[in-house]
Amino acid sequence: MSSVWFLVVHFLLLALISPIAVSQASTHDVDGIHLNIYRHAKSNSSLSSKSFAYYDKERAKALCLKLAHYVAADNTTSISTSQLPVKSMVALGGSGFYTKIGLGTPTNYYSMDIDSANAFTWLQCLPCSKHCHAQENSIFDPHTSQTHKYFSCASSQCSLLKITTGSDPSCDATSNVCEYQQNYQDGSYSTGYLSQDLLTLSQSQTLSGFVYGCGQDNRGDFYGRSAGVLGLARDSLSMVGQLSSKFGYAFTYCLPTEGGQGGFLSFGSNSLGTPSAYKFTPLIQNSNSPTLYLVTLTGITVAGKPLAVSVSNYKIPTILDSGAAVTNLPASLLPTLRTTFAQIMSKKYKKVPASGGSDTCFYGSLSSVTEVPEIKLLFDGGADLTLGANNILIKGQIAGTVCLAFDLTPNNYEIGIIGSQQQLTFKVAYDISNSRVGFAAGGCT
């Protein structure tokens, strides 16, 4: 397929990319390509770590920056777009979910943080010419892989990096190898060589020519000791995009609770299973932030009663994100949610005085604070997330306390972010080809 066609497809964003050679020993199962999802031990679903809270807030800021031009154009806020960095990329965040993939010939396996708001996949590679952080597995050595290749500076894949990473590619003048730069809003980054190699997803499912970054300088707080980041955003170079022409443009995941089992990440149209099992809501198309998964929040109820706010308060762009730990709501919604929730909770549990962490905290532990009013997030099209205690509460910064797992959207942005805490144990199906996302309870089984 010509490079011109490849570029056209990328800019259309939702079209399928060029055919990818996928070898299988047998027909793939009904769930499509199926990987396990794990939680880093240090994530702890907790705000007790200031570092954890800091990176989660930085991620929220970055997500808002990516959407700011869209928001201003929609006249829902007075944000000045002239103050915003054009190349702002989403911070890594602190939700702490990862999966394992195989790379190279012979195959070696690596732990990779999953990220639905960033598109580019990269992992650390020897010789680590500048810096590599400590990781769980041995660092990938591309020179030992029989199927590894670098992309030239003139390749069509190199030209796509500007959109995928937000940064212009550079060229190694000596080797004529394309160099990528992936920057994150929290100051973390990875730079290295654009590469391709054999990706192994299972013993029977492999993807030849998988495009990724071979990191030579990787800096940041990679607390989970992962080898890199697996990009799941809407983009032709993302993991989802590269698998789409063979298996269909869709993926599904279930994020497990702390210590929970059954978390998974599946790719392909077959991963959706039976559509009737889901409640779907349309994905919003946004030309300024085309890689993000945007939905329309239409209401919130607490203990079965709608919040006492105007319906117009919900007219905000809302991001569905696997990397943010908690849900962010703007000032037009969050104070009312906090007050309503606290009024009900205070009848049973003693409220903690307001502090820098959160003003909606209660004394107790996640195991002892069990009588929690149900919160329901309602979306366009009739979809909803009906939240139980494990989706609503998170450990507080003060020992022996639990807090409402909702935070204020930073910098007065009129934007919502549905974080991973609210998605725990739900099966979340991204049917990108049909521009919709679905929710089904009890997904991690």
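Two rings of Phe, Tyr or Trp count as an aromatic pair if their centres lie within 6.5 Å. Keep that in mind. This is a predicted model, and it holds 14 aromatic pairs.

Take one of them. Tyr 150 sits in strand E7 and Tyr 193 in strand E10, 43 residues apart.

Now a second pair. Phe 341 and Phe 362 have centres 6.2 Å apart and planes at 70°, so this pair is edge-to-face. Phe 341 belongs to helix H6 and Phe 362 to strand E20. Both are buried.

Follow Phe 362 into its sheet. Phe 362 stands opposite Val 402 in E24. Three bridges join E20 to E24, and the two run antiparallel. The sheet is open, three strands in the order E20-E24-E23.

Next, the core. The largest nonpolar core has 72 residues, and Phe 251, Phe 267 and Leu 377 are among those touching the most other members. Helix H6 gives the largest share, five residues.

Phe 251 and Phe 267 also join a cluster of ring pairs with Tyr 253, Tyr 293 and Tyr 430.

Last, charges over rings. Arg 436 lies over the face of Phe 280, 3.7 Å from the ring centre. Lys 100 lies over Tyr 38, at 5.4 Å.

Terms used. Residues numbered from 1 in each chain as written. Predicted model: local features only at pLDDT ≥ 70, side-chain atom pairs only at ≥ 80, totals over all residues. Heavy atoms only, no water. Core = buried A, V, L, I, M, F, W, Y, C linked by side-chain atoms within 4.5 Å. Buried < 20%, exposed > 50% of the residue type's maximum accessible area, 1.4 Å probe, protein only. Helix = DSSP H or I, 4+ residues; strand = E, 2+ residues; numbered from the N terminus. Pairing = 2+ DSSP bridges. Phe/Tyr/Trp six-rings, centres within 6.5 Å; stacked < 30°, edge-to-face > 60°. Lys NZ or Arg CZ within 6 Å of the ring centre and 35° of its normal.
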